[in-house]
Amino acid sequence: MSKLGQGTYGQVYKGKLHHSSVAIKVLAEEGIGDRDEFQKNLELLSRLHHPHLVMLIGACPDKPCLIYEYMANGSLEERLYCQGGTPPLPWFTRFRICHEVASAHLFLHSRTQPIIHRDLKLRNVLLDHGFVSKITDIRVSDFVPINNAANATIVSDIMFTETLAFMDPHHLRTGIVSCEADVYSLGILILQLLTGRPPLGIAYVVEEALEREQFYEMLDQSAGEWPFAEAKAVASLGLRCMEPKPKDRPKLESGVLPVLESVRRPL
């Protein structure tokens, strides 16, 4: 096996299963918790199937490890910043990825028992051989209780890691996590794909550029000749996703996906 990287809860390796390449996540002990709860949540995750979720193929609880489909083009973070000398992602691929990631989150949020990702970032979006994007690192602890009328739950295990810049400030302030927290993180990812900039402070600089009519200079020029009107519309959408109050953020189905659907079509 060859090491692919370090995940949130363990190390990830490339291996072979029935002559096909797979990604094997060897979990650290803190990624398991209670064994019975781990097994129950594993069964729930194994039933999640969507074109833009990385597929869980199997598991070995005794080791313990999780086996996922192998994503040949690595993470969105690696490709956006051209690590290893790979070519830049063109603007139309970036628009498409925004739509794919949003549709995957709508799928998670629309379940009878909604699932909140809570850790959406470039590193947790992977690309297959055709540059189709799929989100990974869905944490089995993030099922929202179905008896919560506000579709939110109180959490006390906030992990202050490098993901802090992607996290909903309302969540950080109150400890309440809701589906709107993923919408906030999606807004950051959208702005990063447009500009190629790091997440910290990205909303401020994009908003300033739009107000001063200098947004074209903010766009990542390595992506090619952006369709400017469409890029502005997507940037405005990203900013709306990052509204401080969760209730002011657009809904994925009615406010986010229609905008992204309109720009992902050939111009």
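Q: How many salt bridges does the count come to?
A: The structure is a predicted model. A pair is counted when a side-chain nitrogen of Lys or Arg lies within 4 Å of a carboxyl oxygen of Asp or Glu. By this rule the count comes to 12 salt bridges.

Q: How many residues apart in sequence are the parts tied together by Lys-25 and Asp-137?
A: Lys-25 forms a salt bridge with Asp-137, and their closest N and O atoms are 2.3 Å apart. Lys-25 lies in strand 3, whereas Asp-137 lies in the loop between strand 7 (133-135) and strand 8, so the separation in sequence of the parts tied together is 112 residues.

Q: Is Lys-25 buried or exposed?
A: UniProt, in an unreviewed entry, lists Lys-25 under "binding site". The residue is placed in strand 3 (residues 20-27). Buried means under 20% relative accessible area. Lys-25 has a relative accessible area of 7%, and therefore the residue is buried.

Q: Which residue does Lys-25 both touch and meet in a salt bridge?
A: Not counting residues up to four places away in sequence, Lys-25 touches Gln-11, Val-12, Pro-64, Cys-65, Leu-66, Tyr-68 and Asp-137. Both Lys-25 and Asp-137 are buried. The salt-bridge partner of Lys-25 is Asp-137.

Q: How many residues apart in sequence are the parts tied together by Arg-249 and Asp-168?
A: Arg-249 forms a salt bridge with Asp-168, with the closest N and O atoms 2.6 Å apart. Arg-249 lies in the loop between helix 8 and helix 9 (252-264), and Asp-168 lies in the loop between strand 8 and helix 4 (169-174), so the pair ties together parts whose separation in sequence is 81 residues.

Q: Does Arg-212 count as buried or exposed?
A: The side chains of Glu-208 and Arg-212 meet in a salt bridge, at 3.0 Å from N to O. Glu-208 is partly exposed, with a relative accessible area of 21%. A residue over 50% is exposed. Arg-212 has 56% relative accessibility, so it counts as exposed.

Q: What kind of pair do the rings of Trp-91 and Phe-92 form?
A: The structure holds 5 aromatic pairs. The rings of Trp-91 and Phe-92 have centres 5.5 Å apart and planes at 85°, so this pair is edge-to-face.

Q: Which residues do ring pairs link into a cluster?
A: Trp-91 is buried, with a relative accessible area of 16%. Ring pairs link this residue with others into a cluster, whose members are Trp-91, Phe-92, Phe-95 and Trp-226.

Q: What kind of pair do the rings of Phe-215 and Phe-228 form?
A: Planes under 30 degrees apart count as stacked, those over 60 as edge-to-face, and the rest as tilted. The rings of Phe-215 and Phe-228 have centres 6.3 Å apart and planes at 35°, so the pair is tilted.

Q: Which residues have the most contacts inside the largest nonpolar core?
A: Phe-215 is buried, with a relative accessible area of 2%. Leaving aside neighbours within four places in sequence, Val-206 is in contact with Leu-191, Thr-195, Phe-215, Met-218, Ala-235 and Leu-239. The largest nonpolar core has 65 residues, and those with the most contacts inside it are Leu-76, Leu-194, Val-206 and Phe-215.

Note on methods. Residues are numbered from 1 along each chain as its sequence is written. This is a predicted model: local features need pLDDT of at least 70, side-chain atom pairs count only at pLDDT 80 or more; totals for chains, interfaces and linings use all residues. Side-chain values use heavy atoms; hydrogens and water are left out. UniProt positions are given in the numbering used here, feature names are shortened, and annotations may be inferred rather than shown by experiment. Helices (H or I, at least four residues) and strands (E, at least two) are DSSP runs, numbered from the N terminus. Buried means under 20% relative accessible area, exposed over 50%, partly exposed in between (1.4 Å probe, protein chains only). Contact means heavy atoms within 4.5 Å. Rings of Phe, Tyr and Trp (its six-membered ring) pair if their centres lie within 6.5 Å; planes under 30 degrees apart count as stacked, over 60 as edge-to-face and the rest as tilted. A nonpolar core is a set of buried Ala, Val, Leu, Ile, Met, Phe, Trp, Tyr and Cys residues joined through side-chain atoms within 4.5 Å.
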